[in-house]
Amino acid sequence: ALRFRPDIVYGRDSLGLWLTAVWLRKPVFFEAHALPTSLSRHRLWTRLLRHPRCHGVVVTTQALRDDLIRTFPFLSEKAILVAPDAATPIAAEAYA
């Protein structure tokens, strides 16, 4: 039988990635689109981002990168990649 054995795991679910790092002992990369909105989520992110198997964070804006560094000062600037999405906002006038 075939078994799925990834070399790395990339995702947006902080709990799933933390469990992957801890239990499956796989390197993980976290994609963040906003800062955590609750104390419990902040604590989970701290555990994930401090984990030795968390190798980096991908964000979509420079502003979010700056906010992450302010919120989690232990994060290395080198560990955060800004990868803008390909969406271009359309002006409201285009629908008029």
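Helices (H or I, at least four residues) and strands (E, at least two) are DSSP runs numbered from the N terminus. The model is predicted: local features need pLDDT of at least 70, side-chain atom pairs count only at pLDDT 80 or more, and totals for chains, interfaces and linings use all residues. Residues are numbered from 1 along each chain as its sequence is written, and side-chain values use heavy atoms, with hydrogens and water left out.

**Overall burial and contacts**

Of the 96 residues in the chain, 30% are buried; buried means under 20% relative accessible area, exposed over 50%, and partly exposed in between (1.4 Å probe, protein chains only). The chain exposes about 6,900 Å², of which carbon and sulfur atoms supply 58%, as computed by the Shrake-Rupley method with a 1.4 Å probe. Contact means heavy atoms within 4.5 Å. Among contacts between residues at least 6 apart in sequence, 48% join residues at least 24 apart.

**Helix α1 and its end**

Helix α1 (residues 14-24) has the buried residues Ser14, Leu17, Thr20 and Ala21. Seen down the axis of α1, these residues fall within an arc of 125°, so they line one face of the helix; the arc is that of the directions from the helix axis to the C-beta atoms. Their cover includes β1 (9-11), β2 (28-32) and α2 (39-50). The face turned away from the buried side carries the exposed residues Trp23 and Leu24.

Arginine 25 is placed in the loop between α1 and β2. Its phi is near 55°, a positive value in a residue other than glycine. Arginine 25 counts as exposed, at 60% relative accessibility.

**Aromatic cluster**

Phe30, Trp45, Phe72 and Phe74 form one aromatic cluster. Rings of Phe, Tyr and Trp (its six-membered ring) pair if their centres lie within 6.5 Å; planes under 30 degrees apart count as stacked, over 60 as edge-to-face and the rest as tilted.

| Pair | Centre distance | Plane angle | Class |
|---|---|---|---|
| Tryptophan 45 and phenylalanine 72 | 6.1 Å | 25° | stacked |
| Phenylalanine 72 and phenylalanine 74 | 5.9 Å | 70° | edge-to-face |

Tryptophan 45 in helix α2 and phenylalanine 72 in the loop between α3 (62-71) and β4 (80-82) are 27 residues apart, and their pair links distant parts of the chain. Tryptophan 45 is buried, with a relative accessible area of 6%, and phenylalanine 72 is buried at 0%. Phenylalanine 74 is partly exposed, at 30%.
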